[in-house]
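Here are some notes for a colleague who has not seen this structure before. Please read them beside the model.

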Amino acid sequence: MFLHEALIFDSEQLPAALETREEEVLQDFYALFLEQLVELQRALATATAQRDKANFRLLAHKLKSSSLLVGAMRLGAALAALEESCLSCADADIDALIARVIETSSLTSTAIRARLQQTVL
Amino acid sequence: MKKAPLKKPLVCILDDDEILTRMLVSQLERRQYRCLPFLKTEDFLVHLDNQEKADIYIVDFFLDSKKSSGLDVCRKIKSRHRAPVIMLTSNKGTDTIVSCLNAGADQYTVKPCNSNELVARMEATMRLYGAAPEFPGPGPDLADRYREHFSVNWLLRTLTVNNGTNVRLTEKELALFELFVVAADSTLNRRLAYGAIYGIEMDPLNRAVDILASRLRRKLQGLDAGIDIVTIRGGGYMLVLPQSEVGADVPS
């Protein structure tokens with residue numbers, strides 16, 4: 001599957017992984033993930049300013065699995081591509097992949113916030 | 001006669017990914033396991049040294065720690081306890097899997113993991129150790145076999161022998177020593193040791209393990225406690241302890 005074909009947010013993923021539809025539990029996980037997204041965006045900005053490739057890989061790795069677990073499929077795929085690129089030293093791709101991660105994390109954040117608001121309403 | 005209720009097996013989890021860890025805890029508690037999650041390697045090591053032994057350990061391969069990798073932690077568990085270890089990895093690369101198994105891991109699973117698969121792997125592994133829910137009761141600790149000869153402080157990386165002297169080891173020397181402890185009275189194969197320490201396949205001409213063994217041997221001899229490393233021709237190395245069944249029959 002191509003990166004852009006992956007869902008930005010699959011709301012069925014987390015309940016399936018947790019084997020529960022208990023709203024309070026799901027919200028806890030989404031809230032924690034949103035906090036981590038903010039940290040990721042901040043850390044990526046710092047790493048970009050410092051051209052710190054080792055840190056890009058670490059950041060990508062750190063949130064890759066969590067993204068897939070909570071249903072942020074496109075972000076998970078973008079982070080996997082960034083990590084892979086850092087490992088294979090494909091410098092040319094890295095800037096584009098970071099831009100993709102930043103853009104996707106923003107879209108993901110919006111989608112998860114919308115999901116949380118839906119519940120509140 | 002009434003049957004005593006079975007004690008829930010204790011699972012120790014070390015993963016710096018909070019979301020994944022919380023999810024594992026949720027999935028395992030639902031299946032009647034007790035969980036002890038750790039996000040920091042240092043906290044986990046303190047627990048490993050001082051607290052209740054777990055029935056099974058789940059350790060992430062890629063830890064966000066400058067001091068220890070998942071492989072280091074796996075070796076530490078194995079040199080301390082006779083308990084199963086499952087490594088969580090994010091990739092299916094042969095090097096990763098081989099190094100996990102060489103470091104003593106009993107199983108590995110690729111993240112994000114399916115909970116049914118993980119539990120099936122846990123239970124299959126625990127059955128081999130006699131620690132599955134239906135067969136509670138862990139086996140003897142490896143550390144108990146060695147207690148009369150030495151003790152190891154992992155955080156300070158010191159090896160203290162029973163005459164009170166001690167020596168500081170480098171991370172890699174300690175890693176090799178841990179592998180000797182796990183190997184007990186068998187030969188420690190060079191290639192397996194290399195994979196377990198460095199996380200990659202060994203080039204046949206690479207002498208890193210030989211150099212490491214030689215350095216460790218000098219330090220052990222300096223302790224003057226009768227602990228030594230002998231070379232097993234064509235195979236690897238073996239740890240020899242004084243007046244002990246461990247390493248008593250060293251092949252010439």
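**Notes on chain B**

1. Ile229(B) has Leu239(B) as its bridge partner in E11(B). Strand E11 (residues 236–240) and E10(B) are antiparallel and joined by five bridges. Strands here are DSSP runs of E, at least two residues, and helices are runs of H or I, at least four residues, numbered from the N terminus; two strands pair if DSSP finds at least two bridges between them.

2. The model is predicted: local features need pLDDT of at least 70, side-chain atom pairs count only at pLDDT 80 or more, and totals for chains, interfaces and linings use all residues. Residues are numbered from 1 along each chain as its sequence is written, while chains are lettered from A and ligands numbered from 1 in the order in which they are written.

3. The order E9-E11-E10 (chain B) describes an open sheet of three strands with antiparallel pairing. Strand E9 (188–189) and strand E10 (228–232) of chain B are its edge strands, each pairing on one side only.

4. A second open sheet of three strands in chain B runs E6-E7-E8, again with antiparallel pairing. Strand E6 (150–153) and strand E8 (166–168) of chain B each have a single partner strand, so one side of each lacks a neighbour in the sheet. Four bridges join E6(B) to strand E7 (residues 158–161) of chain B, and Phe150(B) stands opposite Val161(B) in E7(B).

5. Cys74(B) touches Val59(B), Met87(B) and Cys100(B), among others, not counting residues up to four places away in sequence; contact means C-beta atoms, placed from the backbone, within 7 Å.

Notes
Contact = placed C-beta atoms within 7 Å.
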